[in-house]
Amino acid sequence: MLVLKAYKYLIYPNHEQQDYLASVFGAVRFIYNKMLADKIEHYKRAGNMLRTTPARYKKEFHWLKEADSLALANAQLNLEKAYKQFFRNKNTGFPKFKSKKTNNNSFTTNNQKGTIAIEGGTLKIPKLKTKIRIKVHRSFTGQIKSCTLSKTPSGKYFASVLVETDIVPLAKAEKTIGVDLGLKDFAVTSEGEVFANPKHLRTSEKRLKKLQKDLSRKKKGSQNRYKARLKVAKLHEKIANQRKDFLHKTSTQLINDNQVIVMEDLRVKNMMQNHKLSKAISEVSWSMFREMLTYKSKWYGRELIIAPKNFASSQLCSYCGYKNAEVKSLAVRQWSCPACHTEHDRDRNAAMNLLKLAM
Ligand SMILES: [Zn+2]
């Protein structure tokens, strides 16, 4: 099966290359904002959507001709997408202007017959005469479709390469498994396997809390505030990477070992009364995890089942089916079924109920 897969690599542009990237980041921001402003103005005047292209602006702003035209075209596509999304669902919010301050340093360019290539530790992109040093920690096979270049707030540069690659589904597995996601442990399966939240991740998150507190105490506009913000940004990046890595490993293991995976509807989790930071962090992980399981199960010929929203996986006794409303409280970790007296571990029992749902 042909699928699009993204591979993200650290790149090390030299000063000249950094200048080039900065100029395209700027051009993309400019064209996006300009088109957005014109659209808004046109809408106020005419009451409908203005269709416009970057080409129209090149006459007025000559310097745009020097930017990668594919990057500009992709900026236009992104804007159209944001616009359409807004008109379809007003809750998503009106497209916002891209400010340099809020980290809008990225552009996407496309491969046209080899204009993007990775070879010998270097990355070739359109328009740039020299090749950028790249660290390929993971190789891929297949054709490069596009490449997104970005700069993080902490000053790192990345290239995310979208590759069309042929995926061979895995041989059929025997097992079906229920997976319960939680706050204490990341996940517990119906077989009793526990995927604990990695310790290094928890340590980093604790440190982040402290750094954020430090930042809030610094005087606005001061050099110290700038330094503190940089520290926070760096740690944010690190945590995001650590988390993604953990979620990839966990989802891959579950996909490898099981034919059918049953999971709770995350909307149920979102209703839980818990406003702690850990909850917010977990939510991000849960939805990312579900996303990974969704596409990986498609790629590798597995089935992902999501339990119905009203399914009380935690409260049901997985042995006799008795519904124990007292287990609603998250504080209850262990309980004994009033009907059949089976002893339950909260998460494992929930996972077993999810498993039963698939049977
Ligand atoms: Zn029971």
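These legends describe several close-up views of one predicted model. Residues are numbered from 1 along each chain as its sequence is written, and side-chain values rest on heavy atoms, with hydrogens and water left out. Because the model is predicted, local features need pLDDT of at least 70 and side-chain atom pairs count only at pLDDT 80 or more, whereas totals for chains, interfaces and linings use all residues.

View 1. The chain is divided into domain 1 (2-166) and domain 2 (170-197 + 242-359), with bounds that come from an automatic or database domain assignment. The C-alpha centres of domain 1 and domain 2 lie 38 Å apart, and the C-alpha atoms of the chain fill a box of roughly 80 × 55 × 45 Å along the principal axes. The secondary structure comes to 8 helices and 14 strands; these are DSSP runs numbered from the N terminus, with helices (H or I) of at least four residues and strands (E) of at least two. Of the 359 residues in the chain, 42% are buried, where buried means under 20% relative accessible area, exposed over 50%, and partly exposed in between, with a 1.4 Å probe and protein chains only.

View 2. The strands follow the order 2-6-7-1-5-4-3, and the pairing is antiparallel; two strands pair if DSSP finds at least two bridges between them. Strands of a sheet pair through backbone hydrogen bonds, either parallel or antiparallel. Strand 2 (106-110) and strand 3 (117-119) stand at the edges with a single partner strand each, so one side of each has no neighbour in the sheet. Helix 1 (residues 15-46) lies across strand 1, strand 2, strand 5, strand 6 (143-151) and strand 7 (157-166), and runs at about 95° to strand 2. Here contact means heavy atoms within 4.5 Å, while axes are lines fitted to C-alpha atoms, for helices over the stretch in contact, and angles run from 0 to 180 degrees between N-to-C directions.

**View 3. Strand 5 and its neighbours.** Strand 5 (residues 132-135) is joined to strand 1 (residues 2-12) by 3 bridges and to strand 4 (residues 122-124) by 2 bridges. Arg 133 is the bridge partner of Tyr 12 and also of Thr 122, while Ile 11 stands opposite Ile 134. Ile 132 and Ile 134 form the covered face of strand 5, and Arg 133 and Lys 135 the uncovered one.

View 4. Strand 9 (residues 187-189) and strand 10 run antiparallel and are joined by 2 bridges, with Val 188 opposite Val 194.

**View 5. The zinc site.** The protein donors of the zinc ion are the SG atoms of Cys 317, Cys 320, Cys 337 and Cys 340, lying 2.3 Å from it; donors are N, O and S atoms within 2.8 Å of the metal (3.2 Å for Na, K and Ca), and because water is not among the atoms, sites may look incomplete. The angles of 108 to 113° among the 4 donor atoms make the site tetrahedral, a term that requires all angles of four donors to lie between 85 and 135 degrees. Cys 317 is buried at 1% relative accessibility, whereas Cys 340 is partly exposed at 26%.

Definitions and conventions
Tetrahedral: all angles 85-135°; square planar, octahedral: opposite > 155°, others 65-115°.
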